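Morning, everyone. Please have a look at the structure on the screen, and then I'll walk you through it.

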Amino acid sequence: MTLCRGCGAVLQYDNPSAPGYTPKQGSAYCQRCFRLIHYDDLTVSMRTGIDPDSVLDRIRPMDALILWVVDLFDFEAGMIPGLARKLDGKDILLVCTKRDLLPETVSHEKVAQFVFRRLKEYGITVKELILASGKDSTGVQDIMEAVDRLAKERPTVVMGRANSGKSTLLNRMLGEAVLTSSRYPGTTLDFNEITINGRQFVDTPGIEIEGSILMCAEEADLRTILPAAAVKPQIFQIHGNQTFFIGGLARVDIRAGAKATAVFYISEKLRLHRTKTEKADELWEKHYGELLQPVPAERAFAVQTVKKEFPKEDAVIDGLGWLCVSGDVSGITVHAPKGVSVTFRKAML
Ligand SMILES: Nc1nc2c(ncn2[C@@H]2O[C@H](COP(=O)(O)OP(=O)(O)OP(=O)(O)O)[C@@H](O)[C@H]2O)c(=O)[nH]1
Ligand SMILES: [Mg+2]
C-alpha cells in the first residue's frame with residue numbers, strides 16, 4: 001500500500017473519481033494532487049472535509065504532541081466544539097497561523113491576548129501559543145523549538161480545521177513543498193507522515209468547517225473571498241440606520257444614533273456597498289447577483305439580531321471576515337447564508 005505524498009490517500013489505479021487515483025504506476029502523487037500543485041485545478045472536490053469525531057478519535061489513542069493549527073483570520077471557525085473533552089490530558093501546542101493576514105500595525109502581544117481570552121471563554125487549555133505564518137515563515141523556528149521541548153521522543157500530530165494552513169506550515173518547517181496545499185478546503189485526505197529534522201510529524205485531513213461561508217460559496221469565488229494579503233481595515237462613519245452589503249454574500253444592518261463607526265476586515269477583492277437601511281431591501285432585490293456579487297450557491301439567508309454588548313464589538317461571519325462596531329449603536333443585524341455561523345465578540349483588534 002503506497003500513500004500519495006501530497007494528501008496521504010492510498011494510491012490506486014482503477015477509479016479516476018475516487019481519492020488516490022493515478023494513471024501512472026510508480027507515481028509519488030495522486031492525479032488530484034498533481035493537478036492542484038501544477039495547474040491549481042481541482043479535479044475532485046472534497047470540501048466537506050472529515051467529521052471532527054473521526055479525526056479526533058484517531059488522534060486520541062496516539063502517544064503524541066498535538067500541534068493544533070488555527071487560522072487567525074478565521075479564528076472562530078477554528079474552534080472545535082468538544083475539543084477540550086475529546087483531547088483531555090493531551091499536550092497541545094497551539095499555532096495560530098496566517099499572522100500575515102492581520103493588519104500589519106497590530107502587535108503580537110495584542111493578538112496573543114485576544115487568543116488567550118477566547119481560549120478561556122471556550123474552556124480550552126494549551127501548553128504554549130505561537131503566532132506564525134506559513135507564507136513568510138514567522139514563528140517557524142519557534143515551533144521547531146517548542147516541538148523539541150514538548151514532544152520529546154514522541155511524534156507530533158498536526159490537526160485543525162480544513163484550510164487552516166496545516167500542510168503549508170509543515171512545508172515551511174521542512175523547507176520544501178512536499179505536501180499539497182490549496183485554497184480548497186479538504187486538500188489533505190488522510191493521515192500522512194513526514195520527517196523534519198529527524199522528527200516525526202503527521203499531517204492530518206482538515207476537520208470539517210461546517211458553519212463557514214467557504215462551504216456554501218461557489219469554489220470559483222474562493223479566490224475573491226479569501227484574502228491574499230494583510231487585510232486593510234475599511235472604516236466608515238455612521239449616522240442613523242445604515243446597511244452594508246458584502247457582495248451578495250452577507251448584509252449587515254447597523255442601528256446607529258448620531259455617531260458610530262464600523263470597520264470591516266474582509267478580503268480587498270470583495271466589494272462593500274453602503275446604503276440607508278430603509279432602501280436596503282429594494283437594493284438587495286434589484287442588484288442581488290449583479291452589482292451585489294459573489295453570491296452563495298443557494299439563495300437562502302438566515303438573520304440574527306443582537307444588542308451591542310461591548311464598547312467595541314465584532315460581528316464575525318465565519319470564513320468571510322468580520323466588522324467591528326463602536327459608538328452610538330443600539331443593535332446589529334446580520335443576514336448571512338443559511339448554515340453560516342455568525343459570532344458576536346468583544347473586539348479582536
Ligand atoms: N496568507 C496566508 N495564507 C496561508 C497561510 N497558510 C496557508 N495559507 C493558505 O491557506 C490555504 C490552505 O492551506 P493548506 O495548507 O492547504 O491548509 P490545510 O489546513 O492543510 O487544509 P486541509 O488539507 O484542507 O485541511 C492555501 O491557499 C494556503 O496558501 C499563511 O500563513 N498565510
Ligand atoms: Mg492539508
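First, a term we need. A nonpolar core is a set of buried Ala, Val, Leu, Ile, Met, Phe, Trp, Tyr and Cys residues joined through side-chain atoms within 4.5 Å. Buried means under 20% relative accessible area. Keep in mind that this is a predicted model.

Now, how many residues does the largest nonpolar core have? It has 43. Those with the most contacts inside it are Trp68, Leu72, Leu94, Cys96, Val115 and Met159. Several elements each supply at least two residues of this core, among them helix H2 (52-59), strand S1 (65-71), strand S2 (92-97) and strand S13 (321-337). Helix H5 (108-122) gives the largest share, five residues. Domain 2 (45-210) and domain 3 (234-346) each contribute at least three residues to this core.

Take Leu72 on its own. Set aside its neighbours within four places in sequence. Its contacts then include Cys96, Leu102, Val111, Val115, Leu131 and Met348.

There is also a second, separate core. It has 40 residues, including Leu42, Ile225, Ala250 and Leu272.

On to the metal. Which residues coordinate the magnesium ion, ligand 2? They are Ser167, through OG, and Thr188, through OG1, at 2.0 to 2.2 Å. Ser167 lies in helix H7 (residues 166-174). Thr188 lies in the loop between H7 and strand S5 (192-196). So the pair ties together parts that are 21 residues apart in sequence.

Are these two buried or exposed? Ser167 has a relative accessible area of 7%, so Ser167 is buried. Thr188 is at 7% relative accessibility and counts as buried too.

Key
Residues are numbered from 1 along each chain as its sequence is written. Chains are lettered from A and ligands numbered from 1 in the order in which they are written. This is a predicted model: local features need pLDDT of at least 70, side-chain atom pairs count only at pLDDT 80 or more; totals for chains, interfaces and linings use all residues. Side-chain values use heavy atoms; hydrogens and water are left out. Donors are N, O and S atoms within 2.8 Å of the metal (3.2 Å for Na, K and Ca); water is not among the atoms, so sites may look incomplete. Helices (H or I, at least four residues) and strands (E, at least two) are DSSP runs, numbered from the N terminus. Buried means under 20% relative accessible area, exposed over 50%, partly exposed in between (1.4 Å probe, protein chains only). Domain bounds come from an automatic or database domain assignment. Contact means heavy atoms within 4.5 Å.
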